[in-house]
Each structure stands twice: as C-alpha cells, then as structure tokens.
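Below is a brief report on one chain. Read it with the sequence and the model side by side.

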Amino acid sequence: MSRTLPPLNALRAFEAAGRHQSFSRAAEELRVSHSSISRHVRGLEDRLGVQLFRDLSRGLVLTDDGAAYLAQVSPALDAIGIATEGLAETPEGTITVNSEPLFATKFLIQHLATFTGAHPEVNVRLEASRHLADVARYEADLAIRFVPPGARYPNSELLTNAMLYPFAAPGLLRTAKPSPRDLLSYPLLRDRSEGSWDRWFALAGGVAPAEVPAFTWRLSSVLSVEAAIAGQGVLLVSEEVVAGEVAAGRLLRVSDIGIREGGYHLVRGHGVLRRKAVRVFRDWLFEQTAAWRTPDENDQPKG
C-alpha cells in the first residue's frame, strides 16, 4: 500500500517552525528565507486541509491539530536523520562544544586527546565561557554548565555530580590529614557558592559556625585551582576537575569528608543528536565522566 506523504521540505519547514514557534527562527535554522518557510507551511496546510498555526498578538502558536502533528513528525524526522547518518562508515565534521572555563580547562582538555585520536575525522571546536551558548540558535551543538541543586536546563543530562573535598599542594600542610580545626590556619579557597565551606565545616564538626572565616572576595574557579597548586591555600572543589592535578602529584586530597552541591550537565540543541559526530562525542564524554556520576542526584553530604 502506498504511503500518503507530503513533500519533505514542507515537513522540515513545519517541524522547525513548530519547534521554535517562529517562522524567522525556523528560517535561520534551515538557512532559507522567511518567505520560503511560510510558503512551505501554507502549502502543507492546503494539502492537509487543516490549519497548523495561528497568528496571535504574542506571536505564532500551534493549533491543536498542529501540536498533534508536530508530536508525530518531529521524532519521525529525527529517526530519518539518525538512520541516514548511520550509513556513514565514520563520523565526520565539526562540532562546537561550549563549556564553563574550569571544566574545559581541567577536565576536557585533559581527556580530549583520547577522542581526537580515536576520531580524527571529527573536528571539536571547544569554547570556554561562563555565558551559556544558545543551543536553540545553534551557537553551539553542546554546552556544559554547572547546575546548582534543584535547578535544571531543558534538554540537559547529568554529566558529573562529584563530591567536593578539600585539596592542597603537598608542601603546604604540616600534616597529611589535618583536622577541620587545623584547616582554619590556612587560607580557604573555594570553587562553588558562598556557603560551601560553611556546609563542609558543619558536616566535619569541631568548628563552630562563627569560627568559619567570612569570604569577602573569591578568585575565579580556574584561578582558585592554580592558587591551590601554588600552595596559596586549601581548595574546596569537586574531585573530577582536579583529578589530573592529583594524578600528577600537584594536589592532595586532605580529608575524606565531602559534600555534594549540584553538578555539571550536558545541554544539547534540539536535533543535534541526528549528527553522528555529535552522538559519538556525547557517548565518549559520558564514558569519561562515568566515575564521577551518581544517577540519584540527591545532593546529600558524605562523611
């Protein structure tokens, strides 16, 4: 039995416009004109005999028929894209990954050679920025961001939620395993929120809240790590981003007491996993971070 199928270009135009709720954003994604998107969508409406969009004062919105159709068409186009990419023997092309500076500098750069060695056909363009790239506008294919407890990004997956422990340069401390009170005699550096050390001391015990020093200035996360390596203080940081420094002997974990405060998440643009190169990079990244990911992210302390 033959299938009743509208033109593929009309489906692509409708699916992009429905996802973005905008003809202009759809035109930007598909690299065609606004009028081309409008023409394809109107032609599809005529062919189907239903109205797919309504123009309201607040902008373009899907009708009930349009929303129901989009729910079926979008995964179907995803499946076609994945099947087509799957025919390629090797992934190839350029992918853009936007990451917070600390994770980019101390984790991705440390591991990226293993990916490029296994997939020389894929060019990874790594950007380090505190500004979240707009993956919806394809400023990046993937973005890596630290997400505080309880917060969420749409289209994101947990990468790491490693524990935060105190770390210091080997020559800084007078004892290998100092007590919590001992740590008060050193400058305390931090990567995360204002209250990270307060939470750590509350769990560790032996130090009254009023004794924890007030923090009036904080180095950037990357500089905090470098300051700790230079012996300028004890750093409270998640263990995955300093694993390379520990392995090289530049930092030591000085306590077995740790806390958890959120974690790094992978944010992806809609449909980017249709590209084989992006899927391969995503799978590789999840393999690299598996040791520091707890599926049940309950942000509970560990002591």
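## Helix 5 against helix 8

The angle is about 45 degrees, and the axes lie 8 Å apart. Helix 5 covers residues 101-118, and helix 8 covers residues 221-229. Axes here are lines fitted to C-alpha atoms, for helices over the stretch in contact, with angles from 0 to 180 degrees between N-to-C directions. Two packed helices are described by the angle between their axes and the distance between the axes.

Helix 5 brings Pro101, Leu102, Thr105 and Lys106 to the contact (heavy atoms within 4.5 Å). Helix 8 brings Ser221, Val222, Val225, Glu226 and Ile229. By class, the residues of this contact are 5 nonpolar, 2 polar and 2 charged. Nonpolar means Ala, Val, Leu, Ile, Met, Phe, Trp, Tyr, Cys and Pro; charged means Asp, Glu, Lys and Arg; the others, Gly among them, are polar.

## Basis of the model

This is a predicted model: local features need pLDDT of at least 70, side-chain atom pairs count only at pLDDT 80 or more, and totals for chains, interfaces and linings use all residues. Residues are numbered from 1 along each chain as its sequence is written, and side-chain values use heavy atoms, with hydrogens and water left out.

## The chain overall

The chain has 10 helices and 11 strands. These are DSSP runs numbered from the N terminus (helices H or I, at least four residues; strands E, at least two). The radius of gyration is 25 Å, well over the 19 Å that the globule rule gives for 303 residues, so the chain is more spread out than a compact globule. That radius is taken over C-alpha atoms, and the rule is 2.2 Å times the number of residues to the power 0.38. Along the principal axes, the C-alpha atoms fill a box of roughly 80 × 45 × 35 Å.

Of the 303 residues, 45% count as buried (under 20% relative accessible area; exposed is over 50%, partly exposed in between; 1.4 Å probe, protein chains only). Take the contacts between residues at least 6 apart in sequence: 78% of them join residues at least 24 apart.

## Around helix 8

Ser221, Val222, Ser224, Val225, Ala227 and Ala228 of helix 8 are buried. Their cover includes helix 5, strand 8 (188-190) and strand 9 (234-238). Just after helix 8, Gly231 has a positive phi of about 80 degrees.

Val234 sits in strand 9. Val234 is buried, at 0% relative accessible area. Neighbours within four places aside, Val234 contacts a list of residues that includes Pro166, Phe167, Leu188, Leu189, Trp197 and Val254. Val234 and Val50 are 184 residues apart in sequence and 65 Å apart in space, C-alpha to C-alpha.

## Helix 10

Helix 10 (residues 276-289) has 14 residues, which at 1.5 Å a residue should span 20 Å; its end C-alpha atoms are 20 Å apart, which agrees. The expected span is 1.5 Å times one less than the number of residues. Helix 10 is mostly covered, with 10 of its 14 residues buried. Among them are Phe281, Trp284, Leu285 and Phe286, and also Lys276 and Arg279.

Glu15 lies in helix 1 (residues 8-20). Glu15 is buried, with a relative accessible area of 2%. Residues up to four places away aside, Glu15 touches Leu70, Val73, Ser74, Leu77, His270 and Arg274.

Gln21 lies in the loop between helix 1 and helix 2 (23-30). Its phi is near 55 degrees, positive in a residue other than glycine. Gln21 is partly exposed, at 31% relative accessibility. Arg31 is in the loop between helix 2 and helix 3 (34-48). Phi of Arg31 is near 60 degrees, again positive in a residue other than glycine. Arg31 is exposed, at 74%.

## The loop at Ser129

Ser129 lies in the loop between strand 4 (122-128) and strand 5 (142-147). Ser129 is partly exposed, at 22% relative accessibility. Beyond neighbours within four places, Ser129 contacts Asn98, Ser99, Glu100, Pro101 and Arg145. Pro101 also takes part in the contact of helix 5 with helix 8.
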